[in-house]
Amino acid sequence: MLSIAFWVEGSVCQQPQCAGEAMLTRADYLHLTKRFGIVAASQLPLHYLLSLKTPFSPLQVLLGRSHETLINAHQLLGRIIITLFYAHVVLYINFFIQNNLLAKFLEFYIICGLVAIVAYTVIATTALDAVRRWSYRVFYTLHVGLALALLPTLFFHVHHIRIFLYETALIYALHTASRFLSAKTYVDCTIAVSPTTNLVEITVPRLSATQALGWHAGQHAYISDATVSPFLRPFRTANPFTVSSVPSADNGKLAFVARIFDGYTAKMVQQTRSAATETRVPLLVEGPYGLAHHSHTLLSAQRVLFVAGSVGATFIVPLYRQLLADLSPSPAAPDGRLSISSGRSRTPTTRAGRCPPRAASDAASSSGCKSG
């Protein structure tokens, strides 16, 4: 729905401009060709803004949406931008061929434009679902690296789009700075592998009471190797992990549970198995990300049904426990902690007081994570 809203809003806002351009470009081939490129470049600041992960993103604050929701609009706008750039390039190539201007392809600014369209082609290709499923690391590295390299390439292509490039570079710099500020290195993190499942649990050292209040059920964080140089972190894949604990109710315990795949989780498992015990390593935890008002939404409902299976329980169980804690008249937090087990899933055992009439809750949730 958000993507449709952006599409409708863009269409309505640009209709007068497009109508005017149609009148101007009816007999002006080059004018139309240039406008395709300018309109595409003018959308770059918004395109980069939609990709911001930080919760302080202006769009997230204004729309009340998380990065995971806005990324749909980012993808849609990306398709529109690359379509306009392709139209710009194809029309210019046709013009050069028709007017015997092939020598233009050797000029520096034309080479920059061709490099840019090749880079956009690589970005669009690696963003396909098939490629991302094959290797998310390849997608992420090329996506971030080329998105940054495109700015100077387009800067040397033509001068009249540089104002949009300045805005885009500023947004990119603020995004990078916000990610650095939201990341914290924990020296003594614990990594434990379940012997009966293909799941790994990461536990961060106990948070302070103030820090624990900043984490909410249903949120996630990006975890990466803390030994990587800070200058290389934007280009390294940081794996997203859902918070499987409720830090404010678990005495500051911050835990994550994830399925073991090829890549970073497999590397962590190798470290753990080589030590034959729980491994303590320094990790960089960037977050929290995601909406923080899930529990408030659940409290407004008359009945709540939780359904989860396998590793998906890492998202559901904290919400379930947070709801019970909010409804319980006892100061003690309900005991419904996530456990890693194989076989049939078990319903978490909880102790909660009688629910208020306004929010009676029928909660059924799976706290066991079956091996897939």
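The side chains of Arg179 and Glu286 meet in a salt bridge, with N and O 2.5 Å apart. The term means a side-chain nitrogen of Lys or Arg within 4 Å of a carboxyl oxygen of Asp or Glu. This pair ties together distant parts of the chain: Arg179 sits in helix H9 and Glu286 in strand E6, 107 residues apart. Helices here are DSSP runs of H or I with at least four residues, strands are runs of E with at least two, and both are numbered from the N terminus.

Before going on, keep in mind that this is a predicted model, where local features need pLDDT of at least 70 and side-chain atom pairs count only at pLDDT 80 or more, while totals for chains, interfaces and linings use all residues. Residues are numbered from 1 along each chain as its sequence is written, and side-chain values use heavy atoms, leaving out hydrogens and water.

Are the two partners buried or exposed? Arg179 counts as buried at 14% relative accessibility, and Glu286 is buried too, at 7%. (Buried means under 20% relative accessible area, exposed over 50%, and partly exposed in between, using a 1.4 Å probe and protein chains only.)

Now follow Arg179 back into its helix. H9 covers residues 162-181, and its 20 residues reach 28 Å from the first C-alpha to the last, close to the expected 28 Å. That expected span is 1.5 Å times one less than the number of residues. Among the buried residues of H9 are Phe164, Thr168, Tyr172, His175 and Arg179. Seen down the helix axis, the buried residues fall within an arc of 155 degrees, so they line one face of H9. (The arc is that of the directions from the axis to the C-beta atoms.) Here's a handy bit of background: an α-helix has 3.6 residues a turn, so residues three or four places apart point the same way. Turned away from the buried side of H9 is a face with the exposed residues Leu170, Leu174 and Leu181. The cover over the buried residues includes helices H2, H3 and H8, along with strands E1, E3 and E6.

Back to the salt bridges: there are four by this rule. One of them joins Asp250 and Arg321, with N and O 2.7 Å apart. Asp250 is buried at 6%, as is Arg321 at 4%. Lys104 and Glu107 form another, their closest N and O atoms being 3.8 Å apart. Lys104 is partly exposed at 25%, and Glu107 is partly exposed at 31%.

Terms used:
Contact = heavy atoms within 4.5 Å.
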